[in-house]
Protein chains: 2
Amino acid sequence: MMEGIQKMQLFEDYEQAAKTLLTALFIREKYSRLAYHRFPRTTAKFLRSANNEIWSEEEEVLPGVSWSATVEGEDPYSMEDLPQNLNYSLKMKDGIIYVYDNEDTLKQDQPRSLPYPDLETFAIEMSHVLAMIADGPTKTYCHRRLNFLMSKFHLHEMLNEMAELKELKSVPHRDFYNVRKVDTHIHAAACMNQKHLLKFIKDTYKTEADRVVLEKGGKKFTLKQVFEDLKMDPYDLTVDSLDVHAGRQTFHRFDKFNSKYNPVGASELREIYIKSDNYINGEYFARLIKEVAHDLEESKYQHAEPRLSIYGRAPEEWDSLSKWFIKQKLYSPNMRWIIQVPRIYDIFRLKKIVPNFAKMLENIFLPLFQATVNPQKHKETYVFLKHVTGFDSVDDESKHSDQIFTYKSPKPEEWTMEENPPYTYYLFHMYANIIVLNNLRKERGLNTFQFRPHCGEAGSITHLVSAFLTADNISHGLNLKKSPVLQYLYYLAQVPIAMSPLSNNSLFLEYSKNPLREFLQKGLCVSLSTDDPLQFHYTKEALMEEYAIAAQLWKLSTCDVCEIARNSVLQSGLSHQEKKHFLGENYLQDGPEGNDIRRTNVAQIRMAYRHETLCNELSFLVDAVKSEAVAEKAS
Amino acid sequence: MMEGIQKMQLFEDYEQAAKTLLTALFIREKYSRLAYHRFPRTTAKFLRSANNEIWSEEEEVLPGVSWSATVEGEDPYSMEDLPQNLNYSLKMKDGIIYVYDNEDTLKQDQPRSLPYPDLETFAIEMSHVLAMIADGPTKTYCHRRLNFLMSKFHLHEMLNEMAELKELKSVPHRDFYNVRKVDTHIHAAACMNQKHLLKFIKDTYKTEADRVVLEKGGKKFTLKQVFEDLKMDPYDLTVDSLDVHAGRQTFHRFDKFNSKYNPVGASELREIYIKSDNYINGEYFARLIKEVAHDLEESKYQHAEPRLSIYGRAPEEWDSLSKWFIKQKLYSPNMRWIIQVPRIYDIFRLKKIVPNFAKMLENIFLPLFQATVNPQKHKETYVFLKHVTGFDSVDDESKHSDQIFTYKSPKPEEWTMEENPPYTYYLFHMYANIIVLNNLRKERGLNTFQFRPHCGEAGSITHLVSAFLTADNISHGLNLKKSPVLQYLYYLAQVPIAMSPLSNNSLFLEYSKNPLREFLQKGLCVSLSTDDPLQFHYTKEALMEEYAIAAQLWKLSTCDVCEIARNSVLQSGLSHQEKKHFLGENYLQDGPEGNDIRRTNVAQIRMAYRHETLCNELSFLVDAVKSEAVAEKAS
């Protein structure tokens, strides 16, 4: 009898767990839809069926499929035929840019009908998920499902390894080397390796020693003078003296790591060589990036999405960055651009650069709205934005924050204190502005942006909750190790995770303890990325080095690495057209039908396994909720 | 009282251990001297002092210092001005080639005075060392010393890491990228990576499809016909279908690994592309190797010592290989050549290709003696030998042998059974012939050869004992993990070990369990090598990939990797002149004086640490023996 009751209890627990998991998925779907982020079709179908609805293709949650940044042969910098000025008015309210049809509606405070999220709703939904990840029965349920996924994959491997290999062998002309791979997480300022930077510095010194490259305190310096002041002969410079490589000293020392961005520990060299806005108009930095782009184009099958910084110190940053991009002709078919925003309001506030957090947000986002509303007045920004595919929020996550995010947190305009807002507060406000912007751009038929923050590299587990709601995909995600519920949710929603085990190995987590392989086996959507070739990699081909080490160390099969490469294309900012070309015409479809093995080199057996497994997990949840509903009706 | 006796016992134990360790070192020194192998000066000095003698530079045990294979600008294939015929007579006896001044002394069996080792002495000395490695007190002693070496290095690291780094930073123009590195263990047939081989096959098919490349069963085949027979279009060929890469299937399956040498599992392609003696005179194989050599020359700082096979099936093998080398112009300043002899007598015997083991040895060694005695008659072999620097003995060491090596083992002429001789038997006979040959060549002022067998990759620990006596340096050495006595001896004698952790990872030992880092820390003379880029590596720079992975995974410092690179040059077959150029004028001297930091980028602090530590260990041994001698005299 007791046993019966216990079983009943257990069953109710599971029903409860299923219900809350589905709720979390509904929340993510809602936020994804608002932002034109990607939400997987399979999961969406099950969510519809839980509500006794039927999914249709029109509901596909996805960035625009008609948009393509640059058509071959077209001038990527063209400023001809720019769209008309819409004459909308713009105003920041509660840290979010509101769009008004004209000055009148602005005065009447009647904004255009765009989704303006509010902090209160977000905070409530966030607390839902937070409660859930701490709920005992839900934890048990997710833990068991994840264990099951692991064992199931091992079984799949034992049974089908040779069959998968056979499939791959029979694919003509396609192998791991010529499947498309995207370096989904790479900082532009560290996208060249140390040897490359060294050679570049030496080359410039050889040919342009007498060029004025720096202005400091009103004085101008030639390259020669800079090195004289540093008491260095560039000929003698080595990767050792350059000292940009992460070593044993950087482990758990993000602060030390950041100073590695200064070649020879000299901020002058960073200023001259890896800044876009300096005395030489960022020419050297641009040349370095173009050399990296050239190598990618040569390799043909490798792409990268370098991250450039916008700080929010001043509204002119966008103009300056865009002009640099266009003047230096940085477009490459193998590159897409991501904007990273460092979470350093506290520093700007301390230096009195901004009076409150809203100002920082305004500096970051207002120029984007202006360029979208009136392209002809903000030509460069408008053009540059065509090549930008996403936003990143970046900083050391392990830094402790004294502030806690609640629905009672001060509004950005009122955030005048010197403390930095917490991680979630940053994420919400970036996300909120991005969705308004995306919807506005969608109206104009322009490209939209993905939100792709650094998340779960270190620090609190709540970061991963915030990103589950707001991000299209995340970088790192190591801390998913620590929460079975979140890990299972990231699996169910197939939230892409760009992982950089070599970077982690130098900073936060030893290679052998990196969860990438485990995540891959369970079926999470992981990709491999380099993060900072300048600091971590040795060979000329950083992304290949990253794949090689993962493949060697974890004995990944060809099918495994090709699956990772496929994931990287899927989660990248490449256009719908490119994804069709690289993954197959029907890549949006579920399972094997969506996979063109001749392009991805991922076995159909693997695709079928992944699809069936995901369907199985989702149907458990839906069935539990439905049977509960039936039971309720019956009672 | 009891305690006193126990202490006395302990002390006597240690004296005994010290004595036997020194005896083993004396034995190795003797065998090294006979072979013109390298024996470290520091260890030699202490051995002299144990005998109350003083070491002098004339005793240096070393290959010839005056010899240089090719002077820049000289024709490496020149057959002009070859030395005169010495008219010596040659005859194999007990599996060893004996040299006679003329036919008369041959008849009288009065060979020239060269060191002809005998199996009995060797077997006795071998059993000495074998007994020693099983001796309890000696094991305890060595185990404790090795633990001490490890802790001492950790302490050194904690104290001096930053100081070492500072030293390196202050070295102008030299860093890890431009210190010389030698790939000390790489099989010529697998020296290109899989992508390279694939591209080469496609290229040849594109340009030479109608060329006859194969003769089989009296029929000639063009490249096109070969692929038609295989039902393959080379355009569709991929690294997957090529299937030469080691995967999870090869772990602990050396047999499966070997079949990976057959592209697409087709022995025809191996025959056409990676054989030196085929219908196209090994042209494709040569072109592949020359492309690898070209990359090394481009890199400037990387060298390799590819291993080519001589099987001992027939005496003509040398002539054929030498002609191939010269005709195809394989010389590269960045390559030296090693001859690998597979231990597969049993297969040849079974196929009745050789009647006994002596015949196989004769096929391998007689041509070398002939070319040395009468260069004008064996021009090609004579010229090729100038570029050969060593011999390797190679096969799966884990194969069980029914035969045991003793002084009663049948002589090679009597070894007519179908079973394969044991490992030690192979090693002794190869070594024996090499030392006679080396001494003969030394008389003529020619280059000598190093014996560099595969050893300790798997199988019995006795392999490492045989090599301790006979080898200049070894490849793999993993099993030193299992014997503290041997590990300590390899340390004291600084026997170089070429290690290939990526190869081991695919075949015998997971990367994280590889002892390389531990060996390095204790001070063993280890280098990094690739073994088979075709099977293991992913990027274009296999050796750099090997270093990058080791550096990343084990968090090696720049000083560590530069020390490994320095070791690789030291143990390589590069000439004395080249070593002076790459390591410093005085590289033969002990400690920091022998190190030119401007060339090696190894910190002098590190060099001093290594030298003091080795001296410390050796002086313990010598002091123990001396105090015993004093005690004996006194009693």
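A residue counts as buried when its relative accessible area is under 20%. In this predicted model, F285(B) comes in at 4%, so it is buried. W324(B), at 3% relative accessibility, counts as buried too.

Aromatic rings turn up a lot in what follows: a search of the whole structure finds 62 aromatic pairs over all chains. Take F176(B) and Y547(B), whose ring centres sit 5.3 Å apart with planes at 55°, so this pair is tilted. F176(B) belongs to the loop between α5 and β3 of chain B, while Y547(B) is part of helix α22, so the pair ties together parts that are 371 residues apart in sequence. F176(B) is buried at 3%, and Y547(B) is buried at 0%. As for F285(B) and W324(B), their ring centres are 5.4 Å apart and the planes make an angle of 15°, so here the pair is stacked. Helix α11 of chain B holds F285(B) and helix α12 holds W324(B), so parts 39 residues apart in sequence are tied together. Over in chain A, one aromatic cluster includes Y31(A), F122(A), W415(A) and Y431(A).

Then there is the meeting of the two chains. Here 51 residues of chain B are in contact with 51 residues of chain A, and about 4500 Å² is buried between them, 53% of it from carbon and sulfur atoms. The count of salt bridges between the chains is 4; in one of them, D243(B) meets K169(A) at 2.7 Å, N to O. Polar contacts link 26 residue pairs across the two chains. On the chain B side, α22(B) gives the largest share, 7 residues. That side divides into 21 nonpolar, 13 polar and 17 charged residues.

Key. Residues numbered from 1 in each chain as written. Chains lettered and ligands numbered in written order. Predicted model: local features only at pLDDT ≥ 70, side-chain atom pairs only at ≥ 80, totals over all residues. Heavy atoms only, no water. Contact = heavy atoms within 4.5 Å. Buried area = accessible area lost by both parts, 1.4 Å probe. Salt bridge = Lys/Arg side-chain N within 4 Å of Asp/Glu carboxyl O. Polar contact = N/O pair within 3.5 Å; in protein donor to acceptor, adjacent residues only side chain to side chain. Helix = DSSP H or I, 4+ residues; strand = E, 2+ residues; numbered from the N terminus. Nonpolar A, V, L, I, M, F, W, Y, C, P; charged D, E, K, R; others polar. Phe/Tyr/Trp six-rings, centres within 6.5 Å; stacked < 30°, edge-to-face > 60°. Buried < 20%, exposed > 50% of the residue type's maximum accessible area, 1.4 Å probe, protein only.
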